[in-house]
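Please find below a colleague's note on the model under review.

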Amino acid sequence: MTCERYLLQAKSNENAARDIETVYPDWTVTMCFYAALHWVEYYACKKGDDIPSQCPAPSPHDSRRGYVRQIAKKLDNRRLEKLYQDLESASRKARYLESVKYSSAIDYFQGHKLEDV
């Protein structure tokens, strides 16, 4: 398989997120996280890195987080790791109402900017 599959999926998720941004902000956040996930996979593929062997962990998400941590450290850009973690956390709030004190994720995300999440 080629790296292009990750690129296509990342762009598809970004486009879908833009299409529903005002109507379904909770799903927009989730799609943005999955776009970021595929951008990480695309980067790793282009570099010839195998994420699980680079960062063995209990789950693919844990491995990917570890890989993003390595990239951030290598690039001396800790903000990259923080932004990925924040987006993943916001996605969990959207999907599972994790740490959300609202009746629904859509209510929560309609009242917050991503920076506030």
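1. Basis of the note. The model is predicted, so to speak of local features a pLDDT of at least 70 is needed, and side-chain atom pairs count only at pLDDT 80 or more, whereas totals for chains, interfaces and linings use all residues. Residues are numbered from 1 along each chain as its sequence is written, and side-chain values use heavy atoms, with hydrogens and water left out.

2. Secondary structure. The chain has 6 helices and 0 strands, and from the N terminus its elements run α-α-α-α-α-α. Helices (H or I, at least four residues) and strands (E, at least two) are DSSP runs, numbered from the N terminus.

3. Of the 117 residues in the chain, 36% are buried; buried means under 20% relative accessible area, exposed over 50%, and partly exposed in between (1.4 Å probe, protein chains only). The chain exposes about 7,500 Å², with carbon and sulfur atoms supplying 52% of this area, as computed by the Shrake-Rupley method with a 1.4 Å probe. Among contacts (heavy atoms within 4.5 Å) between residues at least 6 apart in sequence, 50% join residues at least 24 apart.

4. The second largest pocket. This pocket holds about 280 Å³ of space. Of its 13 lining residues, Ala-36, Trp-39, Val-40, Leu-80 and Tyr-84 are the closest to the centre. A pocket is found on a 1 Å grid over the protein atoms alone, as an open set of points where a 1.4 Å probe fits, with protein on both sides within 12 Å along at least five of seven lines; lining residues have an atom within 4 Å of a point. The volume is the space filled by probe spheres set on the points, which are joined across faces, edges and corners.

5. Composition of that lining. Helix H2 (25-47), helix H4 (60-74) and helix H5 (78-96) each supply at least two residues of the lining of the second largest pocket, and H2 gives the most, with 6 residues. By class, the lining has 12 nonpolar, no polar and 1 charged residues. Here Ala, Val, Leu, Ile, Met, Phe, Trp, Tyr, Cys and Pro count as nonpolar, Asp, Glu, Lys and Arg as charged, and the others, Gly among them, as polar.

6. Aromatic pairs. How many aromatic pairs does the rule give? The count comes to 4 aromatic pairs. One of them, Trp-39 with Tyr-42, is edge-to-face, at 6.0 Å centre to centre and 85° between the planes. Rings of Phe, Tyr and Trp (its six-membered ring) pair if their centres lie within 6.5 Å; planes under 30 degrees apart count as stacked, over 60 as edge-to-face and the rest as tilted. Trp-39 and Tyr-42 both lie in helix H2, 3 residues apart, about one turn of the helix. Trp-39 is partly exposed at 32% relative accessible area, whereas Tyr-42 is buried at 17%.

7. A pair between helices. The ring centres of Tyr-43 and Tyr-67 are 6.5 Å apart and their planes stand at 55°, so this pair is tilted. Because Tyr-43 lies in helix H2 and Tyr-67 in helix H4, the pair ties together parts that are 24 residues apart in sequence. Tyr-43 is partly exposed, with a relative accessible area of 30%, while Tyr-67 is buried at 2%.

8. Glu-81 lies in helix H5 and is buried, with a relative accessible area of 12%. Leaving aside residues up to four places away in sequence, Glu-81 touches Val-68, Arg-69 and Ala-72. Arg-5 is placed in helix H1 (residues 4-20) and is partly exposed at 38% relative accessibility.

9. A backbone point. Asp-76 sits in the loop between H4 and H5, and its phi is near 55°, a positive value in a residue other than glycine. Most residues other than glycine have a negative phi. Asp-76 is exposed, with a relative accessible area of 70%.
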